[in-house]
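My entries are kept in the order in which I checked things.

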Amino acid sequence: MKFNKKILMISAATLMLVSPVTSLANANTVSAASVKKVSYAKQTTVTVKKKTPQLFMATGGRALTTGKYYKKGQKLTVDQLGGMNILANSSPDAYHIKGTDYYVWAKDVKAKHALQDIDYTSRGLTTVRTNKSKAPLYSFDAEKSTPAGYAFMKRTDFKVNGAMYLYNAKTDKSELYYHLTNHYHTMANLKTSPDFPNRFNTELVDTGDAFVKASDVNFFSGKKLKPINTAASAKDGSKIAILENQEADLKDLLGKVDSVKNSVKYKLSSSLKRDNYDLAVRDAQTQVNSRKLLSTAEAQYLIWSLKTYESELDGAKVKVGTMNKLTSNEKLAIGLLVISVYGKNTDKESLYGYAKFNKGNDKTFTLTIEDMHNQNKVVSTKTMKTSDFAQKR
């Protein structure tokens with residue numbers, strides 16, 4: 001495998017992440033008895049304090065205005081409170097209005113009851129952080145699979161989407177692992193980094209379908225993951241042939257691949273999420289088509305992988321007021337969606353896709369894709385239907 005030769009020299013000191021620490025130098029003493037446990041509601045009513053814009057989510061968690069406003073004194077039922085990533089790269093809190101695609105700034109309303117604050121841009125995601133340098137990656141067989149000549153720094157963050165016990169037949173031992181969501185990661189190139197870990201060169205590396213041992217990482221953020229199996233079932237399942245119901249589940253999941261790929265949730269998901277699903281399908285098909293008899297443990301993992309990556313597909317059209325006359329914010333939202341769908345960054349290519357609307361015609365736009373690894377060379381240009389990316393709200 002050829003790796004991306006674009007190298008970036010980074011000082012370890014510049015990557016040092018410091019956890020926020022609250023200074024107690026001037027703090028007042030607080031007794032434990034005076035601290036009350038906050039009870040959060042699942043939904044509440046908010047009252048608009050002043051005229052405030054209606055917001056909607058574009059791709060990438062960006063909040064954009066719809067051009068409409070909520071009036072002072074208006075009451076709204078909301079069911080979530082969270083930080084929104086807006087174009088200014090900040091995350092002010094907003095309430096999600098129940099049963100709609102819309103939001104309202106938290107600062108512009110008064111809530112009757114408290115809702116637990118979440119991060120809209122990372123909801124549903126789990127991040128773990130390595131607690132040692134050169135934390136290895138592992139395959140499903142619990143064998144080390146770190147690409148040769150590469151390593152992770154201590155305090156490297158991984159997005160993970162599953163926790164499971166893996167059985168190593170050589171050591172006759174089952175241990176807990178986290179499954180890495182994505183297949184591409186920035187790693188230190190040990191061949192060009194003689195002073196590792198003090199200074200190192202990095203490259204984007206295809207790590208494949210990989211796991212990290214739970215003991216090598218600490219939970220950092222997101223939802224806690226519950227193991228899909230036990231240490232005993234991982235070992236026992238490796239020695240029992242695939243069950244009939246598992247064969248049926250795999251057949252059904254692979255049988256609906258074409259339907260999934262023709263859906264909006266697939267077509268308008270980010271290229272990363274589409275690739276993750278495609279790789280899960282490829283791996284499952286390869287195993288099923290091989291002459292090897294799958295074990296129940298392998299079948300359980302393949303079923304989990306297909307279901308998980310399908311559930312992570314989240315493509316959706318931008319909601320607009322009038323299809324033939326888009327507002328500037330609606331065009332921006334469609335443009336952000338196009339960037340997500342057509343942007344791609346792997347060890348082999350770095351593509352950037354963007355939309356350009358022609359004056360007086362909002363029914364179509366020009367899609368241009370450039371290769372950023374090749375001096376932004378234009379790879380392709382074609383006309384796209386706006387209706388494939390937006391729908392009337």
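**Entry 1: ground rules.** I am working with a predicted model, in which local features need pLDDT of at least 70 and side-chain atom pairs count only at pLDDT 80 or more, while totals for chains, interfaces and linings use all residues. I number residues from 1 along each chain as its sequence is written, and side-chain values use heavy atoms, with hydrogens and water left out.

**Entry 2: the whole chain.** I looked up the secondary structure and found seven helices and 24 strands in the protein chain, where helices (H or I, at least four residues) and strands (E, at least two) are DSSP runs numbered from the N terminus. Of the 393 residues, 41% count as buried, buried being under 20% relative accessible area, exposed over 50% and partly exposed in between, with a 1.4 Å probe and protein chains only. I also checked contacts (heavy atoms within 4.5 Å): among those between residues at least 6 apart in sequence, 65% join residues at least 24 apart.

**Entry 3: H5 against H6.** How do the axes of H5 and H6 cross, and at what angle? I find that helix H5 (residues 271–289) and helix H6 (residues 296–311) have axes that come within 9 Å and cross at roughly 160°, which makes H5 roughly antiparallel to H6. For the record, axes are lines fitted to C-alpha atoms, for helices over the stretch in contact, and angles run from 0 to 180 degrees between N-to-C directions; angles under 35 degrees count as roughly parallel, over 145 as roughly antiparallel, 65 to 115 as roughly perpendicular and the rest as oblique. The crossing of H5 and H6 is left-handed, a term used if the near helix is turned anticlockwise from the far one by less than a right angle, with right-handed used if clockwise. On the H5 side the contact is made by Asn276, Tyr277, Ala280, Val281, Asp283, Ala284 and Gln287, and on the H6 side by Leu302, Ser305, Leu306, Tyr309 and Glu310. I sorted the residues of this contact into seven nonpolar, three polar and two charged, with Ala, Val, Leu, Ile, Met, Phe, Trp, Tyr, Cys and Pro counted as nonpolar, Asp, Glu, Lys and Arg as charged, and the others, Gly among them, as polar.

**Entry 4: H5 and what covers it.** The buried residues of H5 are Ser271, Arg274, Asn276, Tyr277, Ala280, Val281 and Ala284. What covers them includes helix H2 (244–255), H6 and helix H7 (328–342).

**Entry 5: H6 and H2.** I note that 13 of the 16 residues of H6 are buried, so H6 is largely enclosed by the rest of the structure. H2 packs with H6 at an angle of about 30°, with their axes 10 Å apart, and the two are therefore roughly parallel to each other. H2 passes H6 in a left-handed crossing. Here Gln246, Asp249, Leu250, Leu253 and Leu254 in H2 meet a set of H6 residues including Thr296, Ala299, Leu302, Ile303 and Leu306. The residues of the contact of H2 with H6 divide into seven nonpolar, three polar and three charged.

**Entry 6: backbone exceptions.** Which two residues does a cis peptide bond join? They are Phe196 and Pro197, with omega about 5°, and Pro197 is found in the loop between strand S15 (184–189) and strand S16 (199–206). Ala142 has a positive phi of about 65° although it is not a glycine; its place is in the loop between strand S11 (137–138) and strand S12 (150–151), and at 5% relative accessibility Ala142 counts as buried. Arg155 has a phi near 70°, also a positive value in a residue other than glycine, and is found in the loop between S12 and strand S13 (157–168). At 30% relative accessibility, Arg155 counts as partly exposed.

**Entry 7: two loop positions.** Gly343 is found in the loop between H7 and S20 and is buried, with a relative accessible area of 18%. Its C-alpha atom and that of Ser270, 73 residues apart along the chain, are separated by 7.8 Å. Asn131 is found in the loop between strand S10 (126–130) and S11, and is partly exposed at 25%. Leaving aside neighbours within four places in sequence, Asn131 is in contact with Lys154, Ser215, Asp216, Val217 and Asn218.
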